[in-house]
Amino acid sequence: MKDPILRVVNLKKYFPLRRGFIETLLSRRRLYVRAVDGISFNVGEGKVFCLAGESGCGKTTTARLILRLIPPTDGKVYYKGVDIFSLKGKELKRVRQEMQMIFQDPYQSLNPRMRIFDIVNEPLDINRKDLSYEEKREIVYKALEDVRLDPEEVVDKFPHELSGGERQRVAIARALVLRPRVIVADEPVSMLDASIRVSILNLLMDLKEKYNLTMIYITHDLAQVRYLGDDMAVMYLGKIVEMGPVDEVLDRPVHPYTQALISNVPIPDPTLSRKKIVIRGEVPSPVNPPPGCRFHPRCPYAREICRREEPKILEIEKGHYVACHLYE
Amino acid sequence: MRLVSREKVRERMRIYKRSIREFARTYKENKMGIVGLGILLVFVFMAVAAPLIAPHSPREMWLAEPLSPPSKEFILGTDELGRDIFSLLVYGTQVSLLVGLLSTLLSVGIGGLVGLIAGYYGGVVDSVLMRITDLFLILPGLPLMIVLAAILGPSIWNIIFVIGIVSWPSVARIVRSQVLELRERPFIEASKVANASDLRILFYHIAPNVAPLVFATAVLGIAGAILSEAGLSFLGLGDPSHISWGMMLHYAHEFGALEIGAWWYLVPPGICIMLLVLSFVFIGYALDEILNPRLRRR
Amino acid sequence: MHLLEVDSLKTYYYTRKGIVKAVDGVNLHIDKREIVGVAGESGCGKTTLAMTIMRLLPPEARILSGKILFHGEDLLSKTEEEMREIRWGKISMIFQHSMNALNPVLTIERQMIDAIRAHDRKLTKAEAAVKARELFKMVGLDPDRIKGYQHEFSGGMRQRVMIAMALAADPELLIADEPTTGLDVITQSQILELLRRLKDELGLSIMIITHDLAVIAEVCDRVSIMYAGKVVEIADVVTLYKRPKHPYTYLLINAFPSIKSRRRRLEEIKGEPPRLVNPPPGCRFHPRCPYATEECRAKEPSLVEVEPGHYVACHYAHKLNFIMER
């Protein structure tokens, strides 16, 4: 196998919990939100790697860590073999140009006081000082055409004059102007209407093919994972519980959580009857995660060992990993 | 450095023109704003065209006719030195507007910078800057102004300085709270991913988003500054070489204008102060309504 | 007679930017012990429809015409006083994001008691407390936790509390606006299960308003699809998903990726939903419809019954036959 373009090793991020003044006085112990708690995965070049999980599982924090928007508590992220957290100055700038992000909320990710042209042009303004204005304009227009917008029509507009779908296209155009190698997309269609979603998903797929991009796609929707993913990891409370090729994981899930998750995804087909796995309760707080396997309080198969020991992530079949005592 | 291409400049101009047109359209619908702007324009005209409007020089003394009531010669009468009140009033507009604008510029400059830096960097920087701000905020404003003005001496520049230095903390607070909210927005992260420097994020992304609110507060601040100037001058701390409305009230009081019933000496500067302050307040509210999207009506 | 019947209802908003035709001639009905889904994209008028039924519209909205018959009586001719009795007493509603609207400084019990006593003044506090515990049990919550505060409840539990409150006055119809949006998959599935159970056990009628066709397929008996202020198709859930007649319904269902198996590239729906200030003439879907003809651009189709219980608003309903390949 080729070397992975991106390698995440034992990545951790603990956010200190902000507490009131009195509380700090009363207890010495500092509390942390363990948003990401030791995850590792590889992303092959040209692949779409999906991070799936429910809210609060740490998938967005992982994205922000990979892009170095926040510093990690521990762990490494290697991009083409280079540890990105050790980079400084020019080197960091260069690597950043190759990794771009698309955000969830197109209403929040574009500066409301800037024109579309300036928004898309900004990465060029900062990183490509060698280009003339005319050259930059050409790139911006090309990027807008790439995302199927009419440049002449939108360049002068403000974000609020565009629809949600159009805004997300602008955000994608901005991510593309620097010709990145890796795109991190954080729930890029979850705020959009159903009739527009597919066109954005298809657009992402086409651009990925056209520019041979590697994509980290973050979503809570397993149907989207199936639609565009190559490999996937399922996260629960800051940990990866199961990982492997998309079809393998979705067709033959082995972790009880993955199984429950898949069985509960609503399907737009009323004739399909299936057994839903009922699991108790809801995701516990990441401030005080359960000891042992984090899923054990909700797991129908939990045994004594699950309460005590944290399961290691093991390869049960080629490329299919799971962290569960049932498979040890 | 590369010269900005002519085409780019032209494109910018077109964009700005469109923005201004859009703004003017919304502003026109705001009655309060129109009234405020109307009053302000009259005063601005008075200030700019003072030598043409004023029938006399404010320094000219008609010693034979002190405290004379309004007449054909002196439409608003004269003061105790026989100076034409109407002329004093017209020239006083210059002082009020100058003090109002410059001291607000100063307070917005200091307050804006402190607020931006404190809000964006957070942590220790924020704590230190905000404690200093708090210190200035809890100092009683009027006494501080009086003391400072008395120490620094009666000059119009000192008055501007004193008002500016006393009123920046509230601007800093407002700006900081806005920045705190803005810096968490995804569009800031988006430009970080594009390698934007802190400086760029602060002045290119955050500042323009804070600007409208600051602008609206600044306009209200001008009103406050004009009142402060009037107050200081009334207390006799004004600059005698620049007669302001406050100072006219001071002299009127000093020479017992009220006791002898010289209403023409007291009332006109009072009304002028009120109208000018009101015009800025109206404009400030109008801007707040237009520029602050949360207040915008559907 | 239907439990609720909406007949050619029109609700417009008179804004500074123009007249927004949010609900523009809507027909639908709900029977006893039935879950009806009203599905559509944001801005199609589905929430306005619910607010019109509840008569909880903002001042700039006006109901122009139509009837809302509840047990055969027109709600639009009721006085505000009479409406107050019906609201919550007969028809109650769970608002979008309402699970975030619980008061953080009062116990859940206190809020439930207030809600119960607001409808039935005769009840003492103690009686109301008993009823609150019963409601708690009914929606699958542990009654011993009723004295807790909002922050001690997860999103799914809070939504259950909201449902319990909506049931406080034993309504006949429950309108739920996006009841599962923002909830996690497993929680969502449990809430839907609860709604279905309430229908079976209490004989409740439920109108679910959502943008998510998968949610509809999971719980609803019948579905109305709305587009740009109009109902374009009504059918029982199986017919709608298996043999839709309106091109919009067909394209929309097809635009959902499926978790079941990897499929060929999904077909896109071109363009975006129109703004309701100035909707397109003729059939409102024509600019995005692959089958549109001159007739569609010129004439507005009306909702007609093409087979028993299956209503479609399309000029070509009798010609178009879509077969879903799932």
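Chain A contains an open sheet of four strands, arranged in the order E2-E1-E4-E5 with antiparallel pairing. Its edges are formed by strand E2 (32-43) and strand E5 (82-83) of chain A, each of which pairs on one side only. The model described here is a predicted one. In general, strands of a sheet pair through backbone hydrogen bonds, in either a parallel or an antiparallel sense. Within this sheet, strand E1 (residues 6-16) of chain A joins E2(A) in the antiparallel sense over nine bridges. One of the residues concerned is A:Pro16, whose bridge partner in E2(A) is A:Tyr32.

How does the radius of gyration of chain A agree with that of a compact globule? For 328 residues, a compact globule would have a radius of gyration near 20 Å, and the 21 Å of chain A agrees with this value. Taken along the principal axes, the box filled by the C-alpha atoms of chain A is roughly 70 × 60 × 45 Å. Of the 328 residues in chain A, 51% count as buried. Among contacts in chain A with a separation of 6 or more, 65% are accounted for by residues 24 or more positions apart.

Attention now turns to the contacts between chains. Between chains A and C, 35 residues of chain A are in contact with 35 residues of chain C. On the side of chain A that touches chain C, helix H8 (194-211), helix H9 (222-228), helix H10 (246-251) and helix H11 (256-264) of chain A each supply at least two residues. H8(A) provides the largest share of that side, namely seven residues. By class, the side of chain A that touches chain C consists of 17 nonpolar, ten polar and eight charged residues.

Chain A also meets chain B, where 21 residues of chain A are in contact with 18 residues of chain B. At least two residues of the side of chain B that touches chain A come from each of helix H1 (6-28), helix H8 (186-193) and helix H9 (198-234) of chain B. Which of these helices gives the most to the side of chain B that touches chain A? That helix is H8(B), with seven residues. The side of chain B that touches chain A divides into eight nonpolar, five polar and five charged residues.

Methods:
Residues numbered from 1 in each chain as written. Chains lettered and ligands numbered in written order. Predicted model: local features only at pLDDT ≥ 70, side-chain atom pairs only at ≥ 80, totals over all residues. Pairing = 2+ DSSP bridges. Rg over C-alpha atoms; globule rule 2.2 N^0.38 Å. Buried ≥ 20, exposed ≤ 12 C-beta atoms within 10 Å, placed from the backbone. Contact = placed C-beta atoms within 7 Å. Nonpolar A, V, L, I, M, F, W, Y, C, P; charged D, E, K, R; others polar.
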